[in-house]
Each structure stands twice: as structure tokens, then as C-alpha cells.
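I opened this one up to see how the chain is put together. My notes are below, in the order I looked things up.

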Amino acid sequence: MRMYLRWAEKKGFKVEIVDLQLGEEAGIKDVTFTVEGPYAYGYLKSESGVHRLVRISPFDANKRRHTSFAAVSVLPEIEDNIHVEIKDEDIRIDTFRASGAGGQHVNKVSSAVRIVHIPTGIIVTCQTERSQHRNREIAMKILRSKIYALLQKEKEDKIKSITGDKKEIAWGSQIRSYILHPYRLVKDHRTDVEVYNVEDVLDGNIDIFIETFLKKFTSIS
């Protein structure tokens, strides 16, 4: 999360954290945030996939090497003129007390919103706004984007099954490794780009990976 927030800051993009779930012991379990700026989705769509981190865990008293994974999903914001049908009977909306930052207000009022889309099992949570209405509005917007992305992926998979496309750059694939021990290296497995200054990458300087990916896999007609 820090890497992408730093990247967005360097670009001058506007970032809003929509939902943040802390890990049971340490770190972050799940986070959803929006990025607003010129070609934000065009840049960040190359980051979808699984990111692998190898390091000496600061939470291991024996200082052993650990491997952990972070799954990144990048969704475009759906414009109002694109119709995504969400039936009232297909969603369940729950409200609860927000657990994040926001002062005493969020702990006393059930302002947080969780929306479950029953047919797909998609769950969206928003709890950063003080207004329950605003949290519901943001959650519905994200839900529309997720359903739209799911429909697009189903369409792409159907085309691939017909055409036999063997070039697989999809969500769920391991796209990059960040190795901090026993040596230091960040490697993109799709483009073979390697950077040895790991701290620089984790500080948000990821343009070399994004631009190389776009040049290699984006066709311009």
C-alpha cells in the first residue's frame, strides 16, 4: 500500500482510502483505495496480479527468511453512461460501526456499510466517511466496477477459448518478486526488468516496471 501511495503522491494524483482492514497480528490484511489523475487506470492496470516478497521477517524472533504474497486488483471507475444492472434483490446491505480512524464519531454511529452481491459473492466495504449515505454511495460505485470487470473478464475468457490465445497476463498470476534476502532484487517476471535498489522501488519508483509492461503488452492501432 505504501509503495502505491508514494507512487501516486509523486504523480500528483489524488488518493482516497475507502476501506482498511488491519492484520490480526500486524500489518494490513486488506485495503481499498481510489486513485484519481490523468491515465491513472492506464498506468496501474499493469499492477494487477500477485506480488511476492522475500525477507527476514521482523516478527520472527529467530530471524528466518519468510515469503509472503500480496494480491493486487486494479479496477476502472465506471462512468455513469455505462449500464451495469444491479437488482435490489441481488444485494444485501449491512451497516456497522466503523473501526478505522475518524475520532469518536465512528465508534458510536453505525456509519460503515458492507454490500454483498449475492449472485457473484462480491463483497464491498466502505467505512471511511462519517455519513452512512456517502459510504453506501462509494461502496455501490466500487461494486459496479467489480461486476463490470468480472463481466469483461468472462467475455475475454470466452474469446480466448475460441481463439486459443496462449498469452496469459491475468489476475492471480505472480507478476513480480521483491527479494530482500539473501540478496536484494526486484524482478518483474513478465518483462524480465530487474532493479537492485529495492528501497527505491518500495518508495514508489515503479515507473520502469509500468512503462516496460505497457510497451511490451499494449498494442496501439
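**Ground rules.** I'm working with a predicted model, where local features need pLDDT of at least 70, side-chain atom pairs count only at pLDDT 80 or more, and totals for chains, interfaces and linings use all residues. I number residues from 1 along each chain as its sequence is written, and side-chain values use heavy atoms, with hydrogens and water left out.

**Whole chain.** I found six helices and 10 strands; these are DSSP runs numbered from the N terminus, helices being H or I with at least four residues and strands E with at least two. Of the 221 residues, 31% count as buried, meaning under 20% relative accessible area, with exposed being over 50% and partly exposed in between (1.4 Å probe, protein chains only). I then looked at contacts (heavy atoms within 4.5 Å): among those between residues at least 6 apart in sequence, 49% join residues at least 24 apart.

**Cores.** A nonpolar core here is a set of buried Ala, Val, Leu, Ile, Met, Phe, Trp, Tyr and Cys residues joined through side-chain atoms within 4.5 Å. The largest one has 20 residues, and M3, Y4, W7, V186, V201, I206 and F209 touch the most other members. Two or more residues of this core come from each of α1 (2–11), α2 (40–44), α5 (198–202) and α6 (207–217). There is also a second, separate core of 14 residues, which includes V84, V113, C126 and L143. Back at F209, I skipped the neighbours within four places in sequence and got contacts with R176, V186, D188, V193, V195 and V201.

**H117.** Is H117 buried or exposed? H117 is buried, because its relative accessible area is 6%. I placed H117 in strand β6 (residues 112–117). Again leaving aside neighbours within four places in sequence, H117 contacts I86, D90, I91, I122, L143 and I147.

**β1 and β2.** I17 sits in strand β1 and counts as partly exposed because its relative accessible area is 30%. β1 pairs with strand β2 (residues 28–36) in the antiparallel sense over eight bridges; pairing takes at least two DSSP bridges between the strands. The bridge partner of I17 in β2 is F33. The two strands, β1 and β2, form a hairpin with five residues between them, and G27 in the turn has a positive phi of about 75°.
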